Amino acid sequence: MCARTQLSPTKPDALTRPEQAGELYQRWNDQWQGCGYGYWVVRRHDCALQLGFCGVKPMELNGMNVLNLFYRFATSAWGQGFASEAVIAVTDWVSRHVADLPLIARVRPANAASQRVAVRAGLMRAEHLDGPGYDGFDWIYAAKLPG
């Protein structure tokens with residue numbers, strides 16, 4: 001069974017101390033083992049250098065089971081289309097393999113670039129779901145919300 005995490009400040013993926021990396025890796029690995037999906041490393045086809053990562057994790061948002069679409073890239077990779085390409089690939093994969101769950105992206109109100117990436121991937125603003133996230137206020141972009 002694929003476990004869902006509750007949106008709460010108790011288990012954020014952001015690290016504040018190096019020793020938290022092992023625990024975070026274990027949570028991510030447990031998700032892969034239980035769900036068959038998680039976060040993928042993003043890199044160029046011809047280079048092993050990691051540009052960032054992108055993927056989904058199951059969670060609960062306002063009492064609804066959803067997949068949280070997450071993408072984070074090195075600043076050196078910003079503005080080159082890597083995030084859009086990765087997010088579109090992940091949303092396509094989700095639509096084929098986990099089609100029963102709504103897909104959301106939690107984006108900071110001031111992060112216009114991330115908002116554009118979410119829209120390019122087919123997500124739309126869902127203002128009624130906006131609210132406090134792990135480390136600040138989140139705007140919610142969503143696809144496949146129940147009617």
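Q: Which residues lie nearest the centre of the largest pocket, and what makes a residue part of its lining?
A: The largest pocket is lined by 34 residues, of which Y71, R72, F73, N111 and S114 lie nearest its centre. On a 1 Å grid over the protein atoms alone, a pocket is an open set of points where a 1.4 Å probe fits, with protein on both sides within 12 Å along at least five of seven lines, and lining residues have an atom within 4 Å of a point. This is a predicted model, in which local features need pLDDT of at least 70 and side-chain atom pairs count only at pLDDT 80 or more, while totals for chains, interfaces and linings use all residues. Residues are numbered from 1 along each chain as its sequence is written, and side-chain values use heavy atoms, with hydrogens and water left out.

Q: Why is F70 called buried?
A: Buried means under 20% relative accessible area (1.4 Å probe, protein chains only); F70 has a relative accessible area of 18%, and therefore F70 counts as buried.

Q: With which residues is F70 in contact, leaving aside its neighbours within four places in sequence?
A: Contact means heavy atoms within 4.5 Å, and by that rule F70 is in contact with Y39, F53, C54 and G55.

Q: What makes a set of residues a nonpolar core?
A: Its members are buried Ala, Val, Leu, Ile, Met, Phe, Trp, Tyr and Cys residues joined through side-chain atoms within 4.5 Å. The largest such core has 29 residues, of which L69, Y71, F73 and L123 touch the most other members, and its largest share, 7 residues, comes from α2.

Key: Buried < 20%, exposed > 50% of the residue type's maximum accessible area, 1.4 Å probe, protein only. Helix = DSSP H or I, 4+ residues; strand = E, 2+ residues; numbered from the N terminus.
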